[in-house]
Amino acid sequence: MNNRYNPLEIEAKWQKQWERSQNFLVTHRDHRPKYYVLEMFPYPSGRIHMGHVRNYSIGDVVARLKRMQGFNVIHPMGWDAFGLPAENAAIKNRTHPAKWTYENISYMKAELRKLGYSYDWTRELATCHPGYYKWEQLFFLRFMEKGLVYRKKAPVNWCPECLTVLANEQVEAGVCWRCDSVVEKKELAQWFLRITSYAEELLECLDSLSHGWPERVIAMQKNWIGKSTGMEIDFQVEGLNRKIRVFTTRHDTLFGATFMSLAPEHELVQELIKDSPDREGIIGFIDNVTRMDRISRTSENLEKEGCFTGKYCLNPVNGERMPIFIANFVLVEYGTGAVMAVPAHDQRDLEFARKYDLPVKVVVQPEDISLQADMETAYSGAGTMVNSGQFDGMFSENFKEAIADYLEHEGLGKRTVNFRLRDWNISRQRFWGAPIPIIYCEKCGPVPVPEKDLPVILPQDARMPEDGRSPLPELESFLNVSCPVCGGVGRRETDTMDTFVESSWYFARFTDARNDNQPFDKEAARYWLPVDQYIGGIEHAILHLLYSRFFVKALRDLGYLDIDEPFSNLLTQGMVLKDGAKMSKSKGNVVDPDEMINKFGADTVRLFCLFASPPEKDLEWSDSAIEGAFRFLNRLWRLVMELLPELRPTGPCAVLDQDFLSEGEKSLRTKEHESIQKITRDMIDKFQFNTAIAGAMELVNAIYQSKDELGDSPNRCEVLSSAISSVLTVLSPITPHVCEELWTRLGYDYPLSQSSWPRHDDRALLRDEVLVVIQVNGRLRSKMSVPADISREELRRLALNDEKTLKHIQGGDIIKTVIIPQKLVNIVVKNR
């Protein structure tokens, strides 16, 4: 290997060395404290992108850093391999999804290896492998035994192009998030996981995560779970033997309810409109609303629209008739899908009432003003009850309890707790997913597949129809099977599981990924879990994290796990942008990581991704910045090569006797230890890798300056060797290949990847002299070197007599002098 910096040659060398020496393989039978770092695993789409590189580079820095701190670090990688893109590619290329998927995995794995990530590849898994999804099929059966699985007909979002059910979050402005087709509503029998059984615990346990999760993510989870305490109240439909049940937290305003708003999907809607002369118009309105995505329907900016059904219901406390409307802002999945509208005390209801000329009735009067029915803004605060029958004059908060008691006594309502969270629909009408282990028998009904017959394997001989339908319903070899209960004719379930199921427990499988006898060894899971640091995008802040938390709690109650939460700490990294927009092929702003690696090397790509922005912020791609990162590594290389003949393997922050050092040697040693102190704080305590890198660059600059200033000083070799060793050590988690190469050339006989993180010496931080800034009225006017132990009085005297400073204070009156010892003197002057 020559003396020029050749990143591709160096990186290939060390990647082979790490693989040969198995540096990153770990076991749970170890005396060291454990540390589990995990990045959200990728979908094998075919190529990695810069978002992947940033995510995995952050994780790799944490993994390498924690190893150097003495932890037994598990850092696994796998593939979230089921999903629709594989099916579409298989149809396009007339092949099986498995072939396309495994080819992509092979290619992407090679790309990741080129970046030098410290993964324990012996734990690699792919969720499309029967050896993986066998165990989630077993979990399905165990959940079923515990009552956490059920099947029911439910309205679903149906994409006619993808031919599958979409979650609410996958419907954007009424169209499919994948193909932009207009989404339809269908009633299908679906399998559900009863996540609502854990709603209260999922909410309560968020408090235990507040020290390690971003506040924004916790707030999003709390909002999604959406706990509300209130009442369920029944409203009799006039002329029908039916009641509309509402959930409300404002039962104190019940006397002010003047109309009813139903979600278009409410179960009573079709019955209510069947005799309406405007039935076709109402159905058209319903179709338009149901195509809207959930976010749009709950937006404050949404124009409130509705249709009168032609029917009325009766207010249970005063008997008044309330017209029943279908409204675009009411969601069937929240509460009961029905809202008692109180326009005087809810702004949304007031806007709707004004638009459709509906009555407004004030029932809560504040102390300071007198509300009238012609109000422009609804009043939602507390006050005195009016127009509320025998309860007039009561304070509204007291009335809440009184009306609750009254309604429960009269059988008109009951106190209850409501959650926005709904059970998890896991049925997907696709081929490329884990088969749901159920057999249908005309005699026995739905029957679980016996455990001994797991896994139910996706057939390898399936051919994907060109129209995108799943081949399973027409594949006789898969479909036809005997009933395991009665032996009669049965047929397999042809729906497959939502791919979120695979990602809800993969972190546990990583603890024992090669176990063929059970999902994972309990001892291994007990040692490694929970994940200490989880890293991924904010786009997964709700569903993936929520489902993973649910799975952990359910598996705990089934005896598989001993933890309550899967991820102790969460880092949500920002996106990689180019020209101010997220990189995408359609925008033509994609930067190919392979191209960058081949041009600059993996270390440069890693350095750029970590230096350009703090991990949690978006990163703007810059050609000049990555070129700057490359120049820095070349500069570091040249520095070490120039000094190599006189350098020794002293170790970072080497122990040196301060009394025998020259002033120049002391200065560099102090800078080294100050840098290690700051970089350690930034790297370990804050994960602020960008400022840590800046600190390392400053130390490199100091070494460049000192190498000439030191001349032939007696301790030159030791001081320079220590400082350079410190630079290589702190940069090694970020740019491991070049640091490992230079470390070896310095003469070390053990790998840098297995060395310890350096510790600064407080005594080395003590300076004989310090540089103090002098300001006049807050503006920099001069600098001066002074003894570190100078008194405040002497420092003030020197500042006031400084030649440059005098020019700016002459002719003025000194009001005060602000002194920050060893740092700053600010002279406040008032001109005469």
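**Rings and their partners**

Mentor: Start with Lys186, which lies over the face of Trp158, 4.3 Å from the ring centre. This is a predicted model: local features need pLDDT of at least 70, side-chain atom pairs count only at pLDDT 80 or more, and totals for chains, interfaces and linings use all residues. Residues are numbered from 1 along each chain as its sequence is written, and side-chain values use heavy atoms, with hydrogens and water left out.

Lys152 has its charged end over the ring of Phe192, at 5.2 Å from the centre. A charge sits over a ring if NZ of Lys or CZ of Arg is within 6 Å of the ring centre and within 35 degrees of the ring normal.

Next, ring against ring. Rings of Phe, Tyr and Trp (its six-membered ring) pair if their centres lie within 6.5 Å; planes under 30 degrees apart are stacked, over 60 edge-to-face, and the rest tilted. The structure has 49 aromatic pairs. Take Tyr527 and Trp528: the ring centres are 4.7 Å apart and the planes stand at 80 degrees, so this pair is edge-to-face.

One cluster linked by ring pairs holds Tyr132, Phe139, Phe143 and Tyr198. Trp424, Phe500, Trp505 and Phe520 belong to that cluster. So do Tyr547, Phe550, Phe551 and Tyr560.
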